[in-house]
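Trainee: I would like to take a close look at a single part of this model, and I would be glad of one connected explanation.

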Amino acid sequence: MRPGCVWCGRRFQPQISLADLLRWAPLPQPQVCVACAQRLKPITGPRCPACGRAQATATICYDCERWGDDFVNHAVFPYNSDLKAYMQQYKFQGDYRLREVMQPILRRALAREVYDVLVPIPVAAETWRTRGFNQVTAWLTDQPYQQALVVREATKSRPQSSKTRQERLRAQQPFQLAPNAAMVLQNQRVLLLDDVYTTGRTIRHAAQQIYLGGAETVTSLTLAR
Amino acid sequence: MGDATLWFGRRLPVPGPATQPGKPALVAHHQQWRCQRCQQVVPPGDELPEHVPYCRQCLNLGRLTAHTKLYTITEPNRFSRVVDGGLTWQGHLSDHQQRAAQELLQRVRHQESQLLWAVTGAGKTEIVYPALAWALAQGWRVAWASPRVDVCLELAPRLARDFAAIPQAVLYGGQPVPYAYRQLTICTTHQLLRFEHAFDLVIVDEVDAFPLAMNPLLLGAIDRAQKPQGCRLLLTATPDRQLQRLVAHHQLAVTYLPLRYHGYLLPPLTVQLAWRWREQLTRGKLPAALMRRVRRYHHQQQCFLLFVPHVADLAPVVQVLRRLGLTDGTTVHAQDPDRQAKVQRMRDGDLTYLVTTTILERGVTFPNVMVLILGGDDPVFSTAALVQIAGRVGRHRDHPRGDVVSYCQSQTLTVRRAQRMIVQLNRRGRQLGGRP
Ligand SMILES: [Zn+2]
Ligand SMILES: [Zn+2]
Ligand SMILES: [Zn+2]
């Protein structure tokens, strides 16, 4: 029996065109049904040039203006109720299989980025123990990456998601460079990869450390903003 | 492991290292992993890195992996005895209700499982009270479970008021109050997965409702939550064919109550043909007969519910109604975050109509409402759903009659079965002196 949609579990007929059949090639294997695919609407219209959030105009947003730097993030999806539902099940309930929903999407998004070294945001050892996976690297299929950052011990007192904006902005640097990170970062264009850009604090902490490691430029890609 | 009462009659994952006591949550059997909480097979590929299988079927109760252990303390029924089972309800039952209530009580005394088949608006909750009070007075642990969270939410305040002397817990996904060990538990059937041989009596309210019907996961949950020597009481207005077969073959004891508490019969389900209504709708039109009817309701300030098959039908239908000048209505569906609020505004008279999917088919009561069904022949409307929808009408003794009209492309078997069920119930009701 054909397995159902990896997200909602419903069985569905993959849409196969006559051209697919005539091509005699292995058929593409869709992981999600049409209804679930429609829940995922990428950001296509105007967006903030700095953080990538969808908005009415293509001017720099208020939050980014307050940062006052020239950091650039790209985001695939708006962080709306559908993305929250996805992250809730994938990250907080620990449904590792849901990585498959985003793998092809991240593959295409990464192909559009210009970089030499991909550095995913790491998770703390405690998270590894309870969740059992890094929600960011699980989206990667065969794209090479460098785990150039590690989470400092005893900094992860409380999950980011339970903090207020003010608390998050005051947060201490949670990352340090992995041993020998400088060797892979030296003079490279580095792309950070994270799940959700909320205040931009985490990604900037990560970028600071990457610059210390000798990177030439640091930009980032997040699944949602 | 902290407060021991948390583990009484429950089956919970043990936090901390694998050296803790408990049984493995996932057990390998014939080269398949099976979850010990929901009893479902873990399909190959549902695994974490390092090939650690985990169960996705009951994931929303907290993830169980092959490394998790489950722990239970045998239910000790550690409750202080309350006189009269804590019943503080002051109302009284009609003669028919009284007879049904006594039948239920007798079977519960003999720990016999049974079905109460009572029409919509029969007052089935109160009919259960004497049996429930007796069970609680014996020190039994009781669960009142329903597949529908709306039913639980409507029930909980009533039971809190009518059994004021009994400590109660209300459990559903996203509940605001954490679990506590209580003699009476009101919960969704899904929550029963967390229990093991806890309840002497399990009452299953709206037993035929989605998602319980034909769902082996939830049916198994009821089996495991009930003590082996315990019994259960199933409540429904619209038993499915499987339940009806059990009754017909004398495998399940049944009590009928074919008459509403106010003594009036069920309003019949009328069918009107509406040719190609969906095509009409794309051109911004509704069937002419339906438009005439809603205009009349509008003039009379009569409230109504208009059921449509799919969420996608809601917006076009409400647009047509608004263009007709019916501006004081809105739409509801299952994922609507404002569902409760909109239902309340309808009850308060702020709204005169709701266009809705089957989500309002049961568990919600309006004192004086008419019901229209657009596309009643669509497969989303099962026989039970149609009878339940019809049952929204005539609930109050001041407004015991009303219209139930289904606009269909064709007379389907499902619609005819629903009409037949209402006719049969009314035939029985008439024998009890029911008034049309
Ligand atoms: Zn799906
Ligand atoms: Zn911005
Ligand atoms: Zn399970």
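How much area is buried between chain B and chain A, and what share of it do carbon and sulfur atoms give?

Mentor: Please keep in mind that this is a predicted model, in which local features need pLDDT of at least 70 and side-chain atom pairs count only at pLDDT 80 or more, while totals for chains, interfaces and linings use all residues. Residues are numbered from 1 along each chain as its sequence is written, chains are lettered from A and ligands numbered from 1 in the order in which they are written, and side-chain values use heavy atoms, with hydrogens and water left out.

The size of an interface is often given as the accessible area lost when the parts come together. Between chain B and chain A the buried area (accessible area, with a 1.4 Å probe, that two parts lose on being put together, summed over both) is about 910 Å², and carbon and sulfur atoms give 43% of that area. Twelve residues of chain A and ten residues of chain B take part in the contact, where contact means heavy atoms within 4.5 Å.

Two salt bridges are counted between chain B and chain A, a salt bridge being a side-chain nitrogen of Lys or Arg within 4 Å of a carboxyl oxygen of Asp or Glu. A:D95 and B:R56 form a salt bridge, with their closest N and O atoms 2.8 Å apart. On the side of chain B that touches chain A there are four nonpolar, two polar and four charged residues; here Ala, Val, Leu, Ile, Met, Phe, Trp, Tyr, Cys and Pro count as nonpolar, Asp, Glu, Lys and Arg as charged, and the others, Gly among them, as polar.
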